[in-house]
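Please study the display before reading each solution.

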Amino acid sequence: MVHGALHTLRQDLFAGAFALRPLPPLDDAKLTRWLPGMPARVRRWARWLPHTAVAFLAVCVLLTGATGGYGISPARQVLEGVLALLYAVPVALVLFRPVGAFWLSLVALFAGAVANRFLLGYGTLWGEFFAAHLAVMLLVVLRTRPRLAAEMWLVTFGVGVVMTLLTGGGDTSDIPTVAFFSGVLLVAAAAVRAWREERRQVVETRSVTAEERSRRTLLEERALIARELHDVVAHHMSVIAIQAEAAPYRVADPPPELATSFATIRENAVAALTELRRILGVVRSEDPDAFAERDPEAPQPTLASLDGLLDSVRGAGLSVEAVTTGSVRPLPQGVELSAYRIVQEALSNALRHSPGADARVEISYVLGGLGLRIVNGPPSRLAKPSPGAGHGLLGMRERVQMLGGEMTADHTEEGGFEVAAFLPVANTAADGAPGGSGA
C-alpha cells in the first residue's frame, strides 16, 4: 500500500510536473447556457474570464506584498517586493503549468518564510502569504484531479513542520488550525472538481447513448423495410418463375433453345427466391417475433387499403380528411407500400403528439411520381409523454431515400406539423401495361 501510494504521488506531482497544460477558454455552449442573449462580441471576450480572474489575483498578490509600510528601509522594501513577486508568479503560472506552479509556490513560500524568520525578524515561518500558496493549491485542484488536494496538503504541511522544527520557528500552535481550515477548503475544491468531472462523463455517456440509440433505430427501420419489401420482390420473382415454366406450353412445338432459355430463367428465379428467404432469415434473426402482432400471410398494404387506415385513426379520436388529386393509377408495389407507411406513421405521430387536432391527408398522382402531404393542426389538450417516440421521421426518411425521393418535415406557423414527400416512379406509362409492375 505504501509503495502504491508513493507511486501515485510520484506520477501526480513529479512526472511531467512542468509540462505545458494551458487552460482552454470557455466554449460557446457553456456561455450560451450561463448567459443567454449575450452579444457575439461580448461572448468572444467572455471566453477568457477564468484567465482574467487568475491574472487579477496574481496582480493583487504582487501589489499586496510590494506595498511596504512607512519608515522601512529601501533594502527591506526591495526584499519584500522580491518575495511578493515570488508569491505572485506561481498564481499566474497555474494557467499554463499547474503542478509546476504548486512546486514553485511551495519553494516561494518557504523561501519567504526563511527570509521572514532570519532577515525580516518575524517570529514564525508561517507568514501572511500562506494564503497565496493556498490559492495556488485550490486552483491546481480545480484544474487537475481531486486526489491532488490530499497530496499537496500532505507535502505542504509535512515539509512545513519539518522546516519549523529544524529552524526553530517558534510557536507552532497555529499549524493545526491552518492545516484544518486549508484542508476543508481543499476538500471543497476537490468535491467541486469531482462533480464537474462526473457531470462531464454523464454528458458524454448521454451523447454516446443517444448516438447508439439513433443508430440502432436506423437499423431497425431498415430491417423493417427489408422485411416488407421481401414480400414485394418475392411476389415478382414467383410470377417470373411461374410464367417461365408455363411459357413453353403456350406455343406448339417450341424450339429446344427457347425451352432451355425458359428453364434457365425459371431456375434463376427459384434460386433468387431461395437467396431472398435466406437473407430475410438473417434480417429476422434478432427479431423472431417480427410478425407476432399480425398475420404473416396477410398481403402488404397499399394505397387501396388507406380507407381502412383512416377509419381506424378516426376511431382513435383524430379527425382526418383525405383528398386525392390527379389520375389514380396503379403504382409499383414498393412505392404504394412506402406511401402507405408514411401516411400511417404521420397520422400516428399526430395522434401521439397532437391529441384533439385535425389532420389532412393529400395524395397527388402527378407526372413522374406520387406526392404526399400530411398536415395536422395544434393540439387541443396536453399530450402525454411518449417514451421511445421521435423515431418515426427517421423511418419515413429511409423509405423516401430508398426510392430516390425527397421529404420535408417541420412545424407549421399555426403550431401543427407537416410532412411532405415525393416518391418518384420511373416509366409511369408502362405501369398499367400487361406484365408491368401494375399488372
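**Exercise 1: A strand pair**

Task: Identify which residue of β5 is the bridge partner of M407.

Solution: The structure is a predicted model. In β5, A421 is the residue bridged to M407. This pair belongs with the strands β4 and β5, which are joined by six bridges. Strand β5 covers residues 417-424, and β4 and β5 run antiparallel.

**Exercise 2: The sheet**

Task: Determine in which order the five strands form the sheet, and which strands lie at its edges.

Solution: The order is β1-β2-β3-β5-β4, in an open sheet with mixed pairing. The edge strands are β1, residues 319-326, and β4, residues 406-411. Each of these pairs on one side only. On average, neighbouring strands of the sheet are turned by 10° against each other, with direction ignored.

**Exercise 3: Helices across the sheet**

Task: State which strands helix α11 lies across, and do likewise for helix α12.

Solution: Helix α11, formed by residues 306-315, lies across β1 and β2, the latter being residues 358-366. Its direction is at about 160° to β1. Helix α12, residues 333-353, lies across β1, β2, β3 and β5. Helix α12 runs at about 5° to β3, which comprises residues 369-376.

**Exercise 4: The whole chain**

Task: Give the number of helices in the chain and the percentage of residues that count as buried.

Solution: The chain contains 13 helices, together with five strands. Of its 439 residues, 33% count as buried. The chain exposes about 25,700 Å², and 62% of that area is supplied by carbon and sulfur atoms.

Notes: Residues numbered from 1 in each chain as written. Predicted model: local features only at pLDDT ≥ 70, side-chain atom pairs only at ≥ 80, totals over all residues. Heavy atoms only, no water. Pairing = 2+ DSSP bridges. Helix = DSSP H or I, 4+ residues; strand = E, 2+ residues; numbered from the N terminus. Axes fitted to C-alpha atoms, helices over the stretch in contact; angles between N-to-C directions. Contact = heavy atoms within 4.5 Å. Buried < 20%, exposed > 50% of the residue type's maximum accessible area, 1.4 Å probe, protein only. Areas by Shrake-Rupley, 256 points an atom, 1.4 Å probe, with all protein chains shown as cover.
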